[in-house]
Every structure is written in C-alpha cells, then in structure tokens.
Amino acid sequence: MKLSVWTYEGPPHVGAMRVATAMKGLHYVLHAPQGDTYADLLFTMIERRDRRPPVTYTTFQARDLGADTANLFKTACTEAVERFDPQAIIVGASCTAELIQDDPGGMAETMGLGIPVIPLELPSYQRKENFGADETFFQIVRTLARPTDRTGRITCNLIGATALGFRHRDDITELTGLLMEMGIEVNVTAPYDATPADITRLGAAHFNVLMYPETGEAACRWMERELGQPFTKTVPIGVGATRDFLREVAEITGLTPKIDETRLRLPWYSASVDSTYLTGKRVFLFGDGTHVAAAARIARDEMGFEVVGLGCYNREQARMIRALAKDYGVDALVTDDYLEVEARIEALAPEMILGTQMERHIGKRLGIPCAVISAPVHVQDFPARYSPQMGIEGANVIFDTWVHPLVMGLEEHLLHMFREDFEFHDDAGASHHGGKAVSASDAADPVAETAPHPPADSAAMTETADVVWHPAAEKELKRIPFFVRGKARRNTESYATERGMAEISVDTLYEAKAHFAR
Amino acid sequence: MMDGAHTQSGCRDAPLLKERGQREVFCGLTAIVWLHRKMQDAFFLVVGSRTCAHLLQSAAGVMIFAEPRFGTAILEETDLAGMADAQVELDREVEKLLSRRSDIRRLFLVGSCPSEVIKLDLAKAAERLSAKYNPHVNVVNFSGSGIETTFTEGEDACLAALVPELPETQDRQLIVAGALPDVVQDQMLGLLDDMGIGPVTVLPTMRADDPAAVGPNTVFALNQPFLNETHAALIRRGARHIAAPFPFGEEGTTAWLRAIANEFGVDQDTFDRVTAAPRDRARRAVAQAGATLHDKSVFLFPDSQLEIPLARFLTRECGMTATEIGQPYVHRDIVGPDMALIGDGPVFSEGQDVDKQLERARDARADLTVCGLGLANPLEAEGLTTKWAIELVFTPIHFYEQAGDLAGLFARPLRRRDLLKVDAP
C-alpha cells in the first residue's frame, strides 16, 4: 500500500483506452464497475474529442457480484459488436474486474463473434498507463499483422502515436513531411488513425519509425523479429536529434539524407544576441523518459541552458535516464511521487522547469516559470494551431514555448538595474504575461499567503538554518533578483557552513558570490 | 403559484422507465472533491487502486494544493495476497499521514470498488484507529465505491456515516443536511434566523469541534436530493423529516422555507416580511437570466441526482418543456414534492442504458441536453446543445440569491450557440 496524492500515470486500462480511442474500427469491451466511465472525459474534455471513446463498460454493481457478472460481460460484448460493428475488439478488465476473475478474454474468444478478439492481460496492481498502451498495441499487432510483400517504393510505418499523447497529432504531420522530402512514403500510421485492416498491412513497410518508445516499443521489437523490419532509435525532437534521425533513416534505407532547413529558425534564434540572457539558465527537467532525454539535449546544446537536474516518472525508462543523468553530471530522479519531485525542485531552485502539467503546478506554487514538454498534460496543451515537437517546426515551436515563460532578455537586464524601482521590481512580473501589476509594498510575500508550504525563501527557513543572517545581509539578499535569490541564499549558507561561520554578514554574502562566480 | 402545490399530485406517482445497462456516471469518490473543501479539518483517505487516484485527479481537474486533504492508499499486489497485511499496511500509512498532518481532526477511510471486492474491513479499521488516535482524531469509514454509490451518493454515504457519531440531545432543533458553499449556507441560515427558527445545525459541520447533536425532538430538512441514506440514518436517531421541494429557484426556495416555517409555527406576516425582498429579486433574476430558456425543451441524463428538482425549476420557473428526466435513483419520499409540481409530459427514467438513452436523446433533439462530461462534446458535435451536469454540483445554485445564476447556467450554452457565426466542420 502506498499513499498517492497526484499521479503521473493512470491505470493500465487507460493506456488501452488511449490505443482504442486513437484507432478506428476497433472497439474495447471493458469489464469494469460503474464509475470507471470517468475515463471517457479525459478524451472528450482534455483532448476535445468529438466522439465517445469506443469503449463499452459492463458497469457492474454490488448486487451483480457473485450473481452474473460473467453474463453481464457477455451481453455487453454481444451488444457492442452488434451496435458498433467493429473490425476487431479488444477485451479486458479494469482493476476491480481483475479481482473477480471472470476471464473476459477467455469468454469473448468462445462467443463466436466472427471478428478477431484480442484479449488483454493488464496487471492493474503492478503496472501503469504507458505499459497498458504499449502492451495493448503490441497485442493488436501480434494478432493482426502478418508477413507480406514489401511495397515497391520505400515506405515506413509511424509507430506509437496515441490519443491523449503530447502533440502526437502534429508530430505525425511533421514527420510525414520530413520523410516525404527524402522520398519515403508512410505506409501506415498506428495506432493513431489506423484501422485493424491497416494493422494487417504493417508488414508492407520497409522499416518502422518508433515515434514514442513509451507506447510503441514492444510492437516495434516484435515487428523487427517477426516481420524483419528494422526500426529507428532516434526520436527526432530538437535540431540535432532530427538531423541524427534522418542520418539513421538513410542508413536503414540506403537513401541520401535530405533535409530542407529553410524554415528552421531555432539555431539562429538561439544565436541572436537577444538570447544571450538564456546562457546558463538553470533548468530542471521531468516527464516521460523519451521527452526528457530529448529536452535535455536541446536545453544544453541548442539553448545554452544548464541542466541542473532531470528525471522521469516511468520506471520503464529508468535505466536510460540514469545513464543520461550521469552524462550531464546530475542525479537522476526516478519516481512517480509528486511530492518527491516538488522537494527536488525546491532544493535545486532552478530558474525554469521543463516538465508535465504537474510541474507546472509546482512552478506556480514556487514562483518558477515552467514550460510543458511531456504528458500528462491539460486541455491547454492540445492547442488549435499546428505545434509539433518533432522535426523542423517542432524545434521552432520548442524555442518559442520555452522562452515564453521567462522574463524577456532586455527586460531581465532592466530588472537587475532597477530592482528596487517602485513599479519595475521583481514582483511586478514579466510585462508580456497576464495579471495586474503589483506595487512593491503590496507584494510582501504573496507565495507564503496562498501556499500551505512556504518555499525555501521564507523567513521561517532562516530561523531553522544553522547559520544566522545579519539583518543587513538579509536586506542585501532581498535586493538580489527573485529568480536567483534562493540559489544565492543556499550558496551563501553552504559557503558559511563549510568555513564554520555561525553568522552571515554582507561581506559573507559577496565572498560567497565571488566564490561561486562562473 | 406555490400555494396549490400541496393539493395537486402532478407527476408524484408518474411511472418510471427503469433501465439496466451501461451507466455513464461517476462513482461516489467524486464527492470528496467538494466535501474536503467543506470540512476543513478532514482528510479523505481512499483505500483503492490507481484508478481511484486517477479519477479524483481527473474529476478535480485542477491541482491547487501541493498536498490536498485527500489521497489514495493504492493497493498493491502484496496487499491482495493476505488480508492481515492490508490492515497493518493501512495502519502504517495512517500513522505516516497523521504524524505529518497535525491539522487533521477527522479522518475518513473511504472504501472503493477493489477494497470492497476483497472485503477489506474498513469499519473495523476505523474503529481500531479511532481508539488509537482519539480524542485528537476521529476516524470514520464510508463507501464511495462505484459498485455501491453513484456520484453524489458519496456525500450521502459520508454524512450518513457521521450521523451515528452525533451525541444525543432532547432539544427541539432543526438539522439541515447537505454541503453548501459557505456563502449560500450563510444566506440560508440568515433566512431561518430572521424567521426566528433555531437552533439550526448544519451537516456536515465545518470543523470537528463544531457542536452537532440529534434526538427525538429534532426535525430535519435536506437541501440536496441525493441524501437518501442520511435521511434514513437521521430517522433512525429519532429525527423527523420535513418533506419539501428542494431550494432551487424562487419557487423551490419558498416552498422549502415554508415547510420549515410551518413546522416551527412562523406566522404568515413574518414569513412574508423575511422572504418578500429576496423572492422578488430571485423572480426578477430568473426572468432575466432565463429568458432564453422560455419555450425551449430539455432532456436530462441521469447524473448528479439533482435532475428532478432541476427539471421542476426549469419547467415551472423558466418555461421549459422536459422531454425526459433521468435520475440514477428515484426515492419518492425525497423527490416526491418536486415531482408533484412537474406537469404531465416528461418521461421519468431511473438507471441507465447509455446507448439506448442516447438514441432517445437524438430522437428528441431537445433544445438543451443536460449530461455528463463524457457525453457533452460528442453530442455537441452531433449538433445538440448541452449543459454539463458536474458544474451543477460545483457551482452555488441553491436559494434565492443564486436562482438567477442557476437559470444562467442553463441559458449560457443556448446563448453561446446563437452567438457563434462559424459552423464547426
């Protein structure tokens, strides 16, 4: 038993729903109690889908238990096939139905439904959403895909995009265009928009593009083994990764790598002088392993940030993330405990967070800007406009998205210069963001008033520290811009502690500053 | 218009279309989202699965607090293997929680589908933990599971679990049951107080130490129509129910207050003096906000259990016609007075077979379809105008001063459809 407050991933059957909802002509019969239908709203509300997920829930109640839950399942199954006329069905149980052991898969297979029945075994008490999606898609592919002649021209499949994915819709468009420029056609995109009939044609492609390892890797490995299709290992998010990806595709296909970079703006935007202020910005990254790995490379090599910490919530990617963290000289944080992530961010006091919707909330509370790079995401992360993460346009989108939450270049310098100005001070916030300007006197400590747990910057922490701050030093500290103040406090305190000093004066503050200068 | 209410039977005895099939509803755990805001020293510990945690997060929609006063003790493979372990594990999690959160005075162990299927005895656990942590923390158990409760019934189960804990009193008093936003609750208490009705106790109390008691001289009123078990539990403690329409809109609020005023012997002059001004305001506000609704039709899917009283408000105060009024459950003792005020015509349905009901809704093509979040966008995409029902439990809608807002909630989707000049492809 483990207490959980907020979760990064839903249960595995929600992963199966992401696959079913992304596909067409497939139906999911889910043995589940009343109430589990809440998951529909993730798709209809967060992703604004205009039709219900293709899921029939048995919605059994207490009075059905021990009586005829098995019959309830059979009826639901028969009626779903009649009503929705799918090309194939997947069947499975949610956490509660797993306990009553009705074996929906076994039952459905013996019902003579006349269409392929794909049973799912998703252990609800051990695994989570990403596993559920990966396993479901793998089972669909394993059941339906067969070796077949390759297409005459060089084609590939795009694998891994699901419903509720972070920018999956637009990544498909971007990659399709990118591959087209090299003369490669897309055979099938799956699960997104694929029908079971399309799945049977997967084998016609020359290779697979694994877009998202979280949800497509098991299927790609199976297709490599059984259908002889190699798959790409580079996820083309960021300029460097996109170039590497096309080189990898060239190696697989024997074609010449081709890339039209005329609409690529990230490198110049990063090099232009306004971006000088981005230099060495301390960023913390958290999300699914794939997006964090891609974002770390962009942050360091394409934006000139300093990665001060990174981690992922999906254990399946723990090994990769640990190796990556080593490469970046930081400790990896592999956890699905939101409070641990918050504590790490508080301790590291980064200037920006690149995370999920959860980290956006953390950032809001701690007053740290945050840009979203990974699922889980909210309704605002399904924008109306075209905004991929992958490929050329993805890189442009990422530059804009990451810079937006920050105070702008020249503005940041002005904040330094006029930090005690009555209307142009730290708490006034960035001029391009909403919210009304706060006068310096009103803005005493807005965070502490609204948050139950005040951040490290509050007075309470000063008292508990081993060293005492002189009032003058404390005052001087307050004159340091808010986004580096936490770091300055910590550095000064560790500098003092290391030297056995019990008190911090203004001199100590500046000695520490000189010591840590970079 | 109100005075004829007790002599006519309207749809009080209308037949019910009983449906069995797929239900598109939340489970009772959802009620924790508003209950924890109302009970400010309570923690709601769901003993369940990752699905339960995911539901709470999805229903809450926003994550305002780093550490909210609810959480899920997620059962793992090892807990399912042996029962004794699960109890020990629960004790450990509670210990950790309470040592970190000294502000918690009431701890609810909330049962879920999995905890009930494996027959994890949370009542016993609550007793054991109460003995350990009393008097600082009181531990109470209730079920919010989907196999036992539908959506708002979670609040019912919670309040019903509190009733046996109440001390006995012989005093003549009024209990009003149902969690309301503070501002609305204060308006309600103000109206009752102005008529000289008291003492009044509200369930749930905001804090553990707020006085509340029950006994044979207690009368009680419900301000939420889903409080079936609470109703039964209060009657078991000797209290007597004041049946009335629910306080939605001007008419509902007046009827609700009138029933209580009659019980307490308030004279007509006093009643009129206290209610005249807010009644008039409410009528004007509904007329204004609800103008769009006049002569429009409405189809209500079963969701929050507020459907019958709301249909009464929409048909009688906003001039709408109801085609179907669905409720997860119909308890005539409780919603009978509202049914009696609804004119002939609508189909009353109980339970759900969602695909069949969707077919009826498509056939009816009502001007406004009230439904859950899972159905709203798909129906909008089919050209229907919808109002999502969850907003009705998260928004202040009771009593006079909110009557206009309530009409406005239903009118907004219609006004919006009129405003938009570009069709969705």
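## Exercises on two interfaces

Between chain B and chain A of this predicted model, 26 residue pairs are in polar contact, both residues being at pLDDT 80 or more.

**Exercise 1.** Describe the side of chain B that touches chain A, by elements and by residue class.

*Solution.* Start with the elements that give two or more residues to this side of chain B: strand E2 (42–48), helix H2 (50–60), strand E3 (70–74), helix H3 (77–81), helix H4 (83–100), helix H5 (113–117), helix H14 (354–364) and helix H15 (373–381). Next, sort the residues of that side by class: 34 are nonpolar, 15 polar and 16 charged. For the extent of the contact, count 65 residues from chain B and 59 residues from chain A. The two chains bury about 5,500 Å² between them, and carbon and sulfur atoms give 58% of that area.

**Exercise 2.** How many salt bridges cross the interface of chain B and chain A, and how far apart are the closest N and O atoms of B:Glu24 and A:Arg52?

*Solution.* The rule finds six salt bridges across this interface. For B:Glu24 and A:Arg52, the closest N and O atoms are 3.9 Å apart. The cut-off is 4 Å, so a Glu–Arg pair at that separation qualifies as a salt bridge.

**Exercise 3.** Which strand of chain A is joined to E3(B), and in what direction do the two run?

*Solution.* The strand is E1 (residues 2–4) of chain A, joined to E3(B) by three bridges. The two strands run antiparallel. Within this pairing, A:Lys2 stands opposite B:Ile74.

**Exercise 4.** Within chain A, characterise the interface of domain 1 and domain 3.

*Solution.* First take the bounds: domain 1 covers 12–134 and domain 3 covers 266–418 of chain A. Their C-alpha centres lie 36 Å apart. Each of the two domains gives eight residues to the contact. Together they bury about 650 Å², with 45% of it on carbon and sulfur atoms. On the domain 1 side, A:Ile46, A:Lys128 and A:Asn130 supply 60% of the area buried against domain 3, more than any other three residues.

Then turn to the charged pairs. Two salt bridges are found across this interface. The side chains of A:Arg127 and A:Glu316 meet in a salt bridge with an N to O distance of 3.1 Å. Helix H2 (40–46) and helix H6 (129–144) of chain A each supply at least two residues of the domain 1 side that touches domain 3. By class, that side divides into three nonpolar residues, one polar and four charged.

Conventions
Residues numbered from 1 in each chain as written. Chains lettered and ligands numbered in written order. Predicted model: local features only at pLDDT ≥ 70, side-chain atom pairs only at ≥ 80, totals over all residues. Heavy atoms only, no water. Contact = heavy atoms within 4.5 Å. Buried area = accessible area lost by both parts, 1.4 Å probe. Polar contact = N/O pair within 3.5 Å; in protein donor to acceptor, adjacent residues only side chain to side chain. Helix = DSSP H or I, 4+ residues; strand = E, 2+ residues; numbered from the N terminus. Nonpolar A, V, L, I, M, F, W, Y, C, P; charged D, E, K, R; others polar. Pairing = 2+ DSSP bridges. Domains from an automatic or database assignment.
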